[in-house]
Amino acid sequence: MPPELESGQKFRYRFIPVEPRHLNMISQWLAEPHVAQWWNEDPEKELADIADHMDSISVEPFIIMLGDEPIGYLQTYDPHLEDDHPYQDQPSGTLGIDLMIGEPDLIGQGHGARLIDEFVSLLFEEGVPRVIVDPDPANKRAVRVYEKAGFAAFDTRTSIYGPALMMARDNLEIWPEDGQEETRIQ
């Protein structure tokens, strides 16, 4: 269990690459009701996909660490590196993220918005112009977390997983670039 943090202490998260030794833990997280409701109808297929992502050029899987404790899973993906990805209309360099906090007793404590903000800040330091997320519009908790982390809704689509509320956060340090002003999220 993550260490207790004093009120007002800044949370620091680390993001380490997923290794085969993490798959059993991720499998347990996928079975948690708060994850299973939104993540995937077939946890075995999802786990196989995550295992495949360890060698992918388009998806990078990470374990979210709070101190020395693993608390969740996060992956980035580049929609421009996947054939026929439905989000290829996003500006070049855009990355998408998907995540779950696996530990049920950490839900509702503000970790989601803080760790997303911290991770997106790291991506922006690397020069990523935009980060997108696509929660199910019915997942009000996730939508609120993304809004708290600075994301704004810009579209509703249907993905292979069902309805998706498209949300983005732009890197204002480098935006706009190459005449992409019309796609910037205000």
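This is a predicted model: local features need pLDDT of at least 70, side-chain atom pairs count only at pLDDT 80 or more; totals for chains, interfaces and linings use all residues.

Trainee: Is Tyr 146 buried or exposed?

Mentor: Tyr 146 is buried, with a relative accessible area of 9%.

Trainee: How is a pair of aromatic rings described?

Mentor: One gives the distance of the centres and the angle of the planes. The count here comes to three aromatic pairs. Tyr 146 and Phe 151 form an edge-to-face pair, with 5.7 Å from centre to centre and 70° between the planes.

Trainee: Which ring does the charged end of Arg 130 sit over?

Mentor: The charged end of Arg 130 sits over the ring of Phe 154, at 5.7 Å from the ring centre.

Trainee: How are two packed helices described?

Mentor: The description uses the angle between their axes and the distance between the axes. In this model, helix H1 (residues 23–31) packs with helix H3 (residues 43–53) at an angle of about 145°, and their axes are 10 Å apart. The crossing of H1 past H3 is right-handed.

Trainee: Which residues meet in this contact?

Mentor: From H1 come Leu 23, Ile 26, Ser 27 and Leu 30; from H3 come Pro 43, Glu 46, Leu 47, Ile 50 and Ala 51. The residues of this contact divide into seven nonpolar, one polar and one charged.

Conventions: Residues are numbered from 1 along each chain as its sequence is written. Side-chain values use heavy atoms; hydrogens and water are left out. Rings of Phe, Tyr and Trp (its six-membered ring) pair if their centres lie within 6.5 Å; planes under 30 degrees apart count as stacked, over 60 as edge-to-face and the rest as tilted. Buried means under 20% relative accessible area, exposed over 50%, partly exposed in between (1.4 Å probe, protein chains only). A charge sits over a ring if NZ of Lys or CZ of Arg is within 6 Å of the ring centre and within 35 degrees of the ring normal. Axes are lines fitted to C-alpha atoms, for helices over the stretch in contact, and angles run from 0 to 180 degrees between N-to-C directions. Helices (H or I, at least four residues) and strands (E, at least two) are DSSP runs, numbered from the N terminus. A crossing is left-handed if the near helix is turned anticlockwise from the far one by less than a right angle, and right-handed if clockwise. Contact means heavy atoms within 4.5 Å. Ala, Val, Leu, Ile, Met, Phe, Trp, Tyr, Cys and Pro count as nonpolar, Asp, Glu, Lys and Arg as charged, and the others, Gly among them, as polar.
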